[in-house]
Amino acid sequence: MAKNLLIVESPAKAKTIEKILGEDFEVKSCYGHIRDLEKGDMGIDIKNNYAPRYIVPDDKEKVVKELKSIAKKSGEVWLATDEDREGEAISWHLCEVLGLDPGTTKRIVFHEITKPAIQSAVTRPRTVDMNLVNAQQARRILDRIVGFELSPVLWRKMSMKNNLSAGRVQSVAVRIIAEREREINAFVPVSSFKIEALFTAKDVSGKQVTFSAEGKKQATAENAEAFLNGCKGADYTVTDIQVKPGKKTPAAPFTTSTLQQEASRKLGYSVSRTMLLAQKLYESGKITYMRTDSVNLSETAMDAITKQIGGQYGERYIQPRKYKNKNESAQEAHEAIRPTYMDSFTVEDADCRRLYELIWKRTMASQMADAELEKTIAKIQISTNKEELTASGEVLKFDGFLKVYMEDRDEDEITEEDGQEGMLPPLSVQQKVPLKEMKAIERFTRPQPRYTEASLVKKLEELGIGRPSTYAPTISTILKRGYVEKRDKEGVKRDFRIFRLKDNAVEKLLEQENTGAEKAKLFPTDLGLVVTDFLKQYFDDIMDYHFTARIEEEFDEVAQGKIQWNKMIDDFYNPFKKDVDNTIEKAERIKGERELGTDPASGKKVIARMGRYGPMVQIGDVNDEEKPRFAKLKNTQSIETISYDEAMELFRLPRNLGQFEDTDVVVNIGRFGPYIAHDKKFYSLGKEYDPYSITFDEATPIIVEKRAAKEERTIKIFEKEKIQVLRGPYGPYIKQGLRNYKLPKEKQDNAADLSLEEVKAIIEEVKANPPKRVPRKKKGS
């Protein structure tokens, strides 16, 4: 009897499911999407109700051929792609390609790859849900339209070497980052003085301990100094003590976005790394489906979790909870991300272990009791000016869920007071407490922090932009396109003032702190800022947060069968197309420039602007008789913030450091970054060297080292033709200009004996028959 064929997206998932289903089923992978829109002419027939034109890409021909062959021999074909819209669309494409009827072909879905879940799904097959397919199709078509229509507008209106692109969600994501950057640049810190007093009192064992109390902030240095002077010779009396119970409640189990946020905060993972590891855990049957916006847990899961808590920590720690989804479109039938088996505390895979343990702890904590606290607030009166100081302490009476897990927070949610409360010693009303010292410390207001990948996901979710499956690809795209970069920022030293009252005398101190340091933050590039401004000016709908969120809601309505997908696209396309045509006809070219001043030597204008290869400073005009001078901006500089002095400093290049082996050593920056020029040879400079400050003594060892390395890898040189035969990590190859050509295997052993004619013949052969590129792996592969 012929076996049933069950098709999933990935080989790992296929392997896990085949073990569960046994001999009746042959489980095969389609390696993600098997069809996509044609590249030419948008791949969409606009005039024919936006009908898509799909093709099977070259790299999927072999997979499709194999699936067709197996399907013919099989008793019945079942589809078990992921349960989201993208998975539903893959199932429909499989029906189309394999000649199956989507109205009768068996389609199964499951939230976890476990024996009970798979066996249950097989007993309850359904057919392909065309509403979900149409929602995914609408997203793909709409995004293709925006990309194909907007990108050529940017090509025409901006002189840039790289092909610019714009996208519906990516452009809005860049706008969020750009607006935060401008807020930070425009921010002016305001200082005030924090009053902090240190007192002594006896603890429960009779030992003298120190505790702190805070007073009302003082707006100016004069006020702060006057306040401390007013406290000279004062007595300090406890006037009131309040003891209040408090509690902390656990966070809901993970959704896609909260997992991405917490893995970033606790583990330092990028959004894409988190999703890669989560997919691996899902496909190996360790966790439930990782693309979800639901915080729901099934009854079976709740029972398993409470059983685990009771067995591990005791009955007092159990507190079953039902969490409410913030997103109205989240389907209650879907589940939060949780372990499939709660009695598995960890996994063997070293890469996945930390993420799995994070998911396990969060799931456990979500069904555990509140942490119980006791907060004590004591008011202390100053006898001389009748002002009041407040001392507060917190004691954990019952740890509850904190025994397992505590959620981290983003920078913008953390205040100066967080984490400062310890225990207070026993105090009583009318008790006099001796003052050790009192300080007025200058503190500065801070701007909102730059976004991390995780906090950007949080913002996108808050605005209703994108869905669980789109966050990671959106961030990857804006980084890859060069509109945003992820980097660290060094802090700068800043003076701050302290007034200190001790032994009835006030002294003034000046100390330093490091401020503004940031790690792995998202910075808009000058290109990102310029493109954002252009799109905001001419395509305000596309760049509008509410409009983009409304489009997401319409996709949800298509998925629920409330609206027709092509009607939704039509409502979007007609006004959008008018904006495109109007912009091409009337909009000026993007200049993206800022005038900084005048060059004292030539009297010519100094401007910072976007050039063909990125942001630069220019002295003079292209229409002047004398050619303008150009200098590339440093990676940490921006057209919007660079000062005149910083710009003029860039023209110190090229720098002649002196002579080595009777030849000048010159440092400069070219198209590919900083380099040293010596004896008509060029040696790239690593990131650890600054071309503006590198010394002769630092430069010469680089020349010697790189020259030796080059000689070691050089097999043969044809000087006149500028062709080299070199050793590479994968064997000998030919280099001509900037292009490399692989040597055929039969020629590799005798690379040193190759003649010029043979080398030229190999180059021509490779040009005529270029090697096929290895395709990038898509979803599920």
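How many salt bridges does a search of the whole structure find? The count comes to 57. Keep in mind that this is a predicted model.

**Arg 338 and Glu 112**
- These two side chains meet in a salt bridge, at 2.5 Å from N to O.
- The pair links distant parts of the chain, 226 residues apart: Arg 338 sits in the loop between helix 10 (299–313) and helix 11 (350–366), while Glu 112 is in the loop between strand 8 (106–107) and helix 4 (115–123).
- Arg 338 counts as buried, since its relative accessibility is 6%.
- Glu 112 is buried as well, with 13% relative accessibility.

**Glu 179 and Arg 175**
- Here the closest N and O atoms of the salt bridge are 2.7 Å apart.
- Both residues belong to helix 6 (residues 168–186), and because they are four residues apart, about one helical turn separates them.
- Glu 179 is partly exposed at 25% relative accessible area, whereas Arg 175, at 15%, counts as buried.

**Arg 500 and Glu 437**
- The side chains of Arg 500 and Glu 437 also pair up in a salt bridge, with 3.9 Å between N and O.
- Arg 500 lies in strand 16 (residues 492–502) and Glu 437 in strand 14 (residues 435–444), so this contact ties together parts 63 residues apart in sequence.
- With a relative accessible area of 22%, Arg 500 is partly exposed.
- Glu 437 is buried, its relative accessible area being 12%.

**A network**
- Salt bridges also link Glu 9, Lys 13, Asp 82, Asp 84 and Arg 291 into a network.

Conventions. Residues are numbered from 1 along each chain as its sequence is written. This is a predicted model: local features need pLDDT of at least 70, side-chain atom pairs count only at pLDDT 80 or more; totals for chains, interfaces and linings use all residues. Side-chain values use heavy atoms; hydrogens and water are left out. A salt bridge is a side-chain nitrogen of Lys or Arg within 4 Å of a carboxyl oxygen of Asp or Glu. Helices (H or I, at least four residues) and strands (E, at least two) are DSSP runs, numbered from the N terminus. Buried means under 20% relative accessible area, exposed over 50%, partly exposed in between (1.4 Å probe, protein chains only).
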